[in-house]
Amino acid sequence: MKKIILLLSILFVFSSYCQAQFPKPPKPGSSKNAKQKNETKTPVKKGTSDDFLAVAREAKDWGYIDKTGVAVIGFQFSAAKSFSEGYARVESMNSWGYIDPKGKYVINPQFERAEDFCEGLARVEKFKKWGYIEKSGTFSINPQFDDAEDFEGGLARVRKGTFWGLIDIKGSYVVNPQFAALGPFRDGLARARIGKDWGYVNKEGKWEINPQFNDAEDFNGDLARVRKGTEWGFIDRTGSFAINPQFEAVGDFYEGLARAKKMRQWGYIDKAGIWTVNPQFDDAGDFVEGFAKVRKGKEWGYIEAAGTYSINPQFADAEDFSNGMARVKLGTQWGFINKKGTYVINPQFSEAKNFINGFSLVRKGPKWGFINENGDIVIDFLFIDAEVFSK
């Protein structure tokens with residue numbers, strides 16, 4: 001008996017020594033080892049419905065991270081999309097369903113395809129037909145359409161066979177399928193095509209502007225771009241030409257000016273169709289926040305409304321200003337400039353997105369991370385793919 005007691009005492013002492021020399025690792029999410037875990041695998045913690053979340057992918061699976069880079073919904077989906085109206089669509093086992101911000105399935109995977117909720121309804125595809133579900137997952141409009149778009153203002157465009165029509169939230173036809181193409185309504189008018197010609201209809205499906213154009217775009221304010229033959233112009237809401245077709249290409253009016261192309265060069269016109277900036281650029285963008293990006297040769301710069309350069313051409317690529325900053329590419333790297341053309345974040349990223357909710361999604365090499373408006377890395381480059389933060 002004494003030998004047994006002595007043996008047990010020796011084992012106890014040895015066990016205590018081992019625990020002291022080799023302590024157990026902290027639990028997932030503990031601050032003590034957070035940095036080390038971030039270098040290998042994103043930790044997981046419980047999220048709340050107040051969180052802004054970003055969908056991100058580690059290896060083959062998608063999950064959702066918070067603004068600290070911690071996964072609040074673990075990496076488990078074969079595909080996932082950003083949150084909209086409090087729900088996010090995710091794919092598992094080749095079927096789509098919806099989760100809440102805590103990662104709980106509110107609608108089990110069962111659809112071949114699924115889109116975001118809009119005005120309380122989401123369009124989904126089942127048995128190769130599209131219908132609409134409520135947030136309970138119940139079909140409010142049974143699958144019956146060959147194609148469908150989101151609800152806007154209580155109406156949705158749907159296609160039966162080769163023709164488009166309009167339905168209300170009960171699924172009843174407001175306008176029977178009859179159009180070869182039908183665009184979204186903009187202040188009561190939508191572009192529509194019968195045969196090869198485009199015109200504009202009201203929400204009752206009646207022609208407000210008869211089909212007569214070879215191509216047409218949505219109304220933007222009081223004007224819409226239309227093409228007659230090979231030339232573009234602008235019509236008003238009566239269908240009369242406000243600016244006669246004369247351009248090789250045009251953009252919509254922004255800040256009172258529209259880009260227009262003549263003799264393979266871009267310039268800018270006012271709403272009378274008069275050149276305010278003569279055609280001289282090889283490419284051009286719309287005016288945003290008082291500046292338009294323009295290209296001469298291979299380099300991009302920025303002009304003001306008068307046509308003078310505010311930032312000389314020097315970039316391999318450039319994007320519009322957003323909240324006072326613009327993404328620009330120098331060589332192969334992207335950075336951010338202010339309206340004086342000064343770098344606020346030096347070029348250093350393989351790709352970069354605009355700042356949304358205080359963060360920019362940026363890529364270095366094969367991995368994505370997030371920076372703040374000071375250029376600080378707030379979420380390290382850990383993800384094979386990711387999207388911006390949403391709620």
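**Aromatic rings and strands**

Modeller: Y64, F77, F83 and Y105 form one aromatic cluster, where rings of Phe, Tyr and Trp (its six-membered ring) pair if their centres lie within 6.5 Å, with planes under 30 degrees apart counted as stacked, over 60 as edge-to-face and the rest as tilted. This is a predicted model, in which local features need pLDDT of at least 70 and side-chain atom pairs count only at pLDDT 80 or more, while totals for chains, interfaces and linings use all residues. Residues are numbered from 1 along each chain as its sequence is written, and side-chain values use heavy atoms, with hydrogens and water left out.

Colleague: How many aromatic pairs does the structure hold?

Modeller: There are 22 aromatic pairs in the structure. Y64 and F77 make an edge-to-face pair, at 6.5 Å centre to centre and with 70° between the planes. This pair links distant parts of the chain, since Y64 is in strand β2 (residues 61-65) and F77 is in strand β3 (residues 71-77), 13 residues apart; strands (E, at least two residues) and helices (H or I, at least four) are DSSP runs, numbered from the N terminus.

Colleague: Are Y64 and F77 buried or exposed?

Modeller: Both Y64 and F77 are buried, where buried means under 20% relative accessible area, exposed over 50% and partly exposed in between (1.4 Å probe, protein chains only).

Colleague: And why is the pair of F213 and F241 called edge-to-face?

Modeller: The ring centres of F213 and F241 are 6.2 Å apart and the planes stand at 85°, so the pair is edge-to-face. It also links distant parts of the chain, with F213 in strand β19 (residues 207-213) and F241 in strand β23 (residues 241-247), 28 residues apart. F213 is buried, with a relative accessible area of 0%, whereas F241 counts as partly exposed at 29% relative accessibility.

Colleague: Which charged residue lies over the face of F219?

Modeller: That is R237, at 4.6 Å from the ring centre of F219. A charge sits over a ring if NZ of Lys or CZ of Arg is within 6 Å of the ring centre and within 35 degrees of the ring normal. The charged end of K271 sits over the ring of F253, 5.8 Å from its centre.

Colleague: Changing topic, what is the order of the open sheet that contains β1?

Modeller: Four strands form that open sheet in the order β3-β2-β1-β40, and the pairing is antiparallel; two strands pair if DSSP finds at least two bridges between them. β3 and β40 (385-386) stand at the edges with a single partner strand each, so one side of each is left without a neighbour in the sheet. Between β1 and β2 the antiparallel pairing runs over five bridges, and V55 stands opposite Y64 in β2.

Colleague: Where is A59 placed?

Modeller: A59 is in the loop between β1 (54-58) and β2. Its phi is near 55°, a positive value in a residue other than glycine, and A59 counts as exposed at 52% relative accessibility.

Colleague: Last one: where is the pLDDT below 50?

Modeller: The protein chain averages a pLDDT of 90, and 87% of the residues score at least 70, pLDDT being the predictor's confidence in each residue, from 0 to 100. Over residues 1-40 the pLDDT is below 50, and beyond near neighbours in sequence this stretch has seven contacts in the model, a contact being heavy atoms within 4.5 Å.
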